[in-house]
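Me: I should like to learn how to read the features of a structural model. Please take me through the one shown here, with the general idea first and the particular case after it.

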Amino acid sequence: MNLERRMQPDRTPRWRTGWGASLLCLLLLCVTASAWAEGRVRGRVTDKESGEPLAGVNVLVKGTYRGAATDLEGQFVITGIKPGMVDLEFSSVGYKTVLTTGVMVVDGLAKEQNVTLEKSFLKGEDVVIIGKKPLYAVDNTSSSTSVDLEAIQTQVVESIVDVVSQQAGVSKSDNEVHIRGGRADENLYIIDGLSVKDPVSGQGTGVFLSAEAVKNVEVITGGFNAEYGEAMSGVINVETREGDDEFFGALSWKRDNLTPSFPRENQNTDVFEITAGGPVDKGWLPGSMSWFLNGYVSLSDTHLPQADSLQPSVDWVGTPVMQDLQQWLGLREDNNSSLLAKLTWRTKPTRKLTGSMGRSLQLNQGYFTTLVEDKRFYPYEYQQNLNRYNTFSQESRQSSLNWKETLSARSFFELTYGYFFISQHSDAGKHWTEYERPLDIDPTWYLQNPDGSITIYQGDGFWDSGDTDYWHDHSVLTHSLKGALTSNLGDHELKSGFEIENSEMQLLHVVDPWLGTEDAPGGAFDMYHAWTTAGALYAQDKITYKGMNANLGLRLDFWRPGSYVERAVENSATAIMTQAGRELFHDETFGFLGGRWKAQLSPRLGISHPVTDNDMLFFSYGHFSQRPKYAYVYAKLKTTDKSKSSLYGNPNLNPTTTVAYEVGLKHKFNSNSVLQVTAFYKDMFNYVTAFSVNSNHPRYGSISYTQYWNIDYARSRGLELSWRHRFEEYWSFNWNLSYSVLTGKSSSPAENLLNEARAGSRDEDLSESYLRWDKPLATSFDVSLYVDKGQGPRLGNFQLPDRWGANLRLELESGQRYTPQYIDVGDVNNPQDDEPRDREAKPNTELTPMTTLVDGRLWKDFKLGGRNLRVFCEVENLFNFKSPASSSWINPLTGEVWEDGDPFVANNRVYYAWSSELTRDRVRPPGTPARYKEPRQVMFGVSVQF
């Protein structure tokens, strides 16, 4: 008898909590203050132009209550300072704020610090840093991380998504980014003030942007201010690079195969990039002007099987002359390209105009991307027919014009117009009316029946001919306008603003296109063309008083689903609308400008204040909401789809909401080393889920259908620790550690339907279970080395080389969630009597083993004719660890990735070996190459900087 048939539940605890005591001790050490001798700082502040002393300048030791104001001679003295490195802030109305970092204060001695202040013209950009940029902003009342270009260039990253996924509190599951346990569509990505979220699919990363085009990425994981809306979990604010007074540029090329056979395991990947910028000869125009340009192309065959060629049917370039370029951009299996152009014009010292234009194109077959609610990823059953499988084309175009102007010494305003277009198209290079039914006809095999007759079967679980079972196209065009006014009134900095946007969307999704008739395309379909309007008003007050900072904000979001929805509600032919539903829609909306609107009010509060000279305590609380993604609202409202599996939109969906709290402590060891400990709690409700509805319609009688409803919820709570140590001597490091618990009603809208079907009952289950992407423990360690020119250390008499650097990143995190099963053995002589049983009543109770990932980068700089030549090598998954790609490939009987030879469950039966008979029930054989994440990849590259 097989040992596998005696598998029993393993009750061994997966986690220990002894580390909590160590963490508590560390926190207590951070806040314990000891006695010190008194240190003093004194100095003089003068005007940069005239050299005259400035009276009334506020001088503050950042992160403390200590400060002073200059006298008539510009003199100041601050006493009672703890010895060590401190940062001094000098501020005065009409002048740029100066932040002097790394000022050394010695026991019993007075440190002299003289500063000159420059008149401020363009408010909002008036902070001058003398020394190194502080590792954390003491006036920040929430958790956030800022990653600049210098740090990005040392890491193994390709896009802004890679940068975000490396931060504390961020995890990646099924190629989707989750921040503090929130769903993937709860994050807001902003590029140069413009939201780049796809409102139909909810994907926040509809734009591909190279990391080299980025000046700074700010990742806010909790307590963001009232100026940010349409996000429940996190805000990713990206500021792209600008031109300069002098010309600069760089060309780079990297690939993972130096020859076709070396390294032997490669993905045929090439990455090309050009970056340039500089001044513009403006002629008779006033002021100064600069430009910036970045172009990026990545071509790869990936580690999975690939088609001979892709078949994009969408003309991205738009002109016949450029058709060859479009074909070149889709040469391989996974292709990403982007272009960013930016023009900055300072017409006068108090005014700045910035225009930017970006385009990106992603061509692939959906191995690593989702399509609205479809999460197939690698199409295993089509792997013998990939040439007839769909090509995915995801295109984005974003343009913005920003106007920033100083109104007075205390106030400035900012106005931004945005144009954003995003589209997703998936087809096999043809119109849906030309699709052919997929067939599985090879091989042919024969089964002898008990009566001696022979039954002939065909197929092995893989499609041999025909096309994909769906055709898809959707696009959204959004015009937006944002404005904000900021005024500094002493201890108060008031900011108020507005946002307004208008979107046009269209969608056509056809299932089983070969079944189309004159009345309806395909076996099932969804189609709509709608307009919607949304906006917001907000006000926030940043209060600074003797070292304490408070952010108080209030945001009002409003949204009109549009006339498409309003007509569907009023139309008596709309099958999913009852009279009670129409009354509820009117009760929960209000009339304005001829339409029906919804509104949501969100309060925000954040406080930070010093505990000691080196410790800052912060707290934040807020309500954060976002509109439901449009696929949940508009789906099949007017579609005459007769399919029984149709999932209908709900015209009366309300915004989803998170109520979040966090409290944290920031401890500064010195100006180059900072530790942050944060505890958070999030209550997420009004989540959308699919629900079966039985109603008595006055026109159609008794009907049943499935619809989206706001009846789901989730909770997330956890603890995060982050330690950042900046370059000192030759090295720097970042260490992140997080422990969290994520529970909720369901992991996706469709999951509720599956639970309903399993239970066979309509009784509402209010209990919570672990969500699919919950990863309780995660830690990462990132260390960078750099030896500058002339700084090569010596080993005895040997001088080590200079101008080289290295980066090594280690990630360790919990495995995938899965629902464990065991085998209930029946007749020991008849394996067909064995049945699978769930170990627990709730799903996702167990975790696969922890996963490990190690990435590395090594580079060496050379001088070449006055230019800098960099040769580098990047390695992803250095030790070639095998990690499950998603929970869908976990065998619930073993808790490991499904391997050949494992027992497995199919059709609610246990099988101990694969049999071709299973193809009759469309059960796919085990062994998909997509069950593991990417193997080791080594990239060799060269870049020239000029």
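Me: How many bridges join strand 10 to strand 15, and in which sense do the two strands run?

Reply: Strands (E, at least two residues) and helices (H or I, at least four) are DSSP runs, numbered from the N terminus. Two strands pair if DSSP finds at least two bridges between them. Here strand 10 (residues 144-148) runs antiparallel to strand 15, joined by five bridges. Asp148 has Asn216 of strand 15 as its bridge partner. This is a predicted model, in which local features need pLDDT of at least 70 and side-chain atom pairs count only at pLDDT 80 or more, while totals for chains, interfaces and linings use all residues. Residues are numbered from 1 along each chain as its sequence is written, and side-chain values use heavy atoms, with hydrogens and water left out.

Me: Which strands pair with strand 17?

Reply: Strand 17 (residues 248-255) pairs with strand 18 in the antiparallel sense over eight bridges, where Ser252 faces Glu273. Strand 17 is also joined to strand 53 (residues 937-945) by six bridges, again antiparallel; in that pairing Trp253 stands opposite Val942.

Me: Which residues of the largest nonpolar core touch the most other members?

Reply: A nonpolar core is a set of buried Ala, Val, Leu, Ile, Met, Phe, Trp, Tyr and Cys residues joined through side-chain atoms within 4.5 Å. The largest one has 58 residues, and Val217 and Tyr634 touch the most other members. Helix 7 (residues 630-634) gives the most to this core, with five residues. Apart from it lies another core, of 19 residues, including Ala68, Ile78, Val105 and Leu117.

Me: What does Tyr634 touch, leaving out residues up to four places away in sequence?

Reply: Contact means heavy atoms within 4.5 Å. On that basis Tyr634 touches Met505, Tyr528, Ala530, Thr532, Trp559, Pro561, Tyr564 and Val565.

Me: Why does Gly43 count as buried, and where is Gly43 found?

Reply: Gly43 counts as buried because its relative accessibility is 5%. Gly43 is found in strand 1 (residues 39-47). Beyond its neighbours within four places in sequence, Gly43 is in contact with Gly74, Gln75, Phe76, Glu112, Gln113 and Asn114.

Me: Where is confidence lowest, and where is it highest?

Reply: The predictor's confidence in each residue is its pLDDT, from 0 to 100. The protein chain averages 85, and 91% of the residues score at least 70. Helix 1 (residues 19-31) is lowest, at a mean of 47, and strand 18 (residues 270-279) is highest, at 96. Over residues 1-36 pLDDT stays under 50, although the model has 60 contacts there beyond four places in sequence. Where pLDDT is low, the predicted coordinates should not be read in detail.

Me: How many helices and strands does the protein chain have, and what share of its residues counts as buried?

Reply: The protein chain has eight helices and 53 strands. Of its 946 residues, 51% count as buried.

Definitions and conventions. Buried < 20%, exposed > 50% of the residue type's maximum accessible area, 1.4 Å probe, protein only.
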